[in-house]
Amino acid sequence: MSALQVHTWTCTGLTYTYLPQRHTTTTTTKKSREARSVCARRPHEPVRNSSTIVQTRRATCVSERAVGPSASAREEKSNPPPHVASIFTYALKSAASSARSRATVLLDGLDGDRQWMVSTRGGRFLSQRDAPLLATLGATLVRGMGRGAMDVISLTVRGLPPLNVSAREGQQHVRTATIWGDTVQLVDEGEEAARWLTRALGGARGSLLPALGLPSYRLLRTPGSSCGRAARLSDAAPVHALCEASVVDLNV
């Protein structure tokens, strides 16, 4: 007895299955032929005629058995439900990112994200447009453990020893700065951090400050309370969501 050959095709959004008649010497009852035809259609869809051409909106039980998974199953496998694949935060705004396994969502963004920034000596925010070497800076936030312990940001760059900066407190360290035209009140993290940034970023172009022994940049931090800007150091939004397919397409 030859094996049952099943043929399927799609037209105008509908899937058709063709079940050719068997040509054997074995006697087949009418009931068994009808059972094969009914198996190949949904209950509310009639068999077109006794030649067993069946019109269905989904892959039939015969096509699943003969030609593999149904179209809907293949679609679910190729299009899994959305999920969070990875989380990245930027302790130092415009520097390199840090991968996180989890993050706490606050009213103004992810905890520890864009809490520090680099500014000019006069307090103007610097991005990678102004200082491309910011992309080479690594910044890791270490939360203070225990009562009264300060947060620490660890800065790294090739060619310089790492610098650990403890978050300063006190009104005497607050400086006025600008970010995208907004005036904010931020905490200056001190001269040691400023000199380290000047060495890492090469000094401001055209600035006379290095010749005078003064650092070109400052490391500034948002205080625990509001800094005078609703989004704090964020740009258009406190959290950005990207589709991995878009990132892949951009990098191709």
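A search of the whole structure turns up 12 salt bridges. The term means a side-chain nitrogen of Lys or Arg within 4 Å of a carboxyl oxygen of Asp or Glu. The model is predicted: local features need pLDDT of at least 70, side-chain atom pairs count only at pLDDT 80 or more, and totals for chains, interfaces and linings use all residues. Residues are numbered from 1 along each chain as its sequence is written, and side-chain values use heavy atoms, with hydrogens and water left out.

Take Asp108 and Arg232. Their salt bridge has its closest N and O atoms 2.9 Å apart. Asp108 sits in the loop between β6 (105–106) and β7 (109–110), and Arg232 in the loop between β14 (217–221) and α5 (244–251), so the pair ties together parts that are 124 residues apart in sequence. Helices (H or I, at least four residues) and strands (E, at least two) are DSSP runs, numbered from the N terminus. Asp108 is partly exposed, at 25% relative accessibility. Buried means under 20% relative accessible area, exposed over 50%, and partly exposed in between (1.4 Å probe, protein chains only).

Next comes Arg143 with Asp151. The closest N and O atoms of this salt bridge are 2.4 Å apart. Arg143 is partly exposed at 32%, whereas Asp151 is buried at 18%.

Asp188 and Arg175 also meet in a salt bridge, at 3.8 Å from N to O. The pair links distant parts of the chain, 13 residues apart: Asp188 is in strand β13 (residues 182–188) and Arg175 in strand β12 (residues 174–179). Asp188 is buried, with a relative accessible area of 3%. Arg175 is partly exposed, at 33%. Elsewhere, salt bridges that share partners join Asp111, Arg143 and Asp151 into one network.

Now the sheet. Four strands form an open sheet in the order β8-β14-β13-β12, with antiparallel pairing. Two strands pair if DSSP finds at least two bridges between them. The edge strands, β8 (116–120) and β12, each pair on one side only. Neighbouring strands are turned by 55° against each other on average, direction ignored. Axes are lines fitted to C-alpha atoms, for helices over the stretch in contact; angles run from 0 to 180 degrees between N-to-C directions.

Which residue stands opposite Asp188 in β14? It is Leu220. Two bridges join β13 to β14. Helix α4 (residues 191–201) packs on the sheet, touching β8 and β14. Contact here means heavy atoms within 4.5 Å. The direction of α4 makes about 125° with that of β14.
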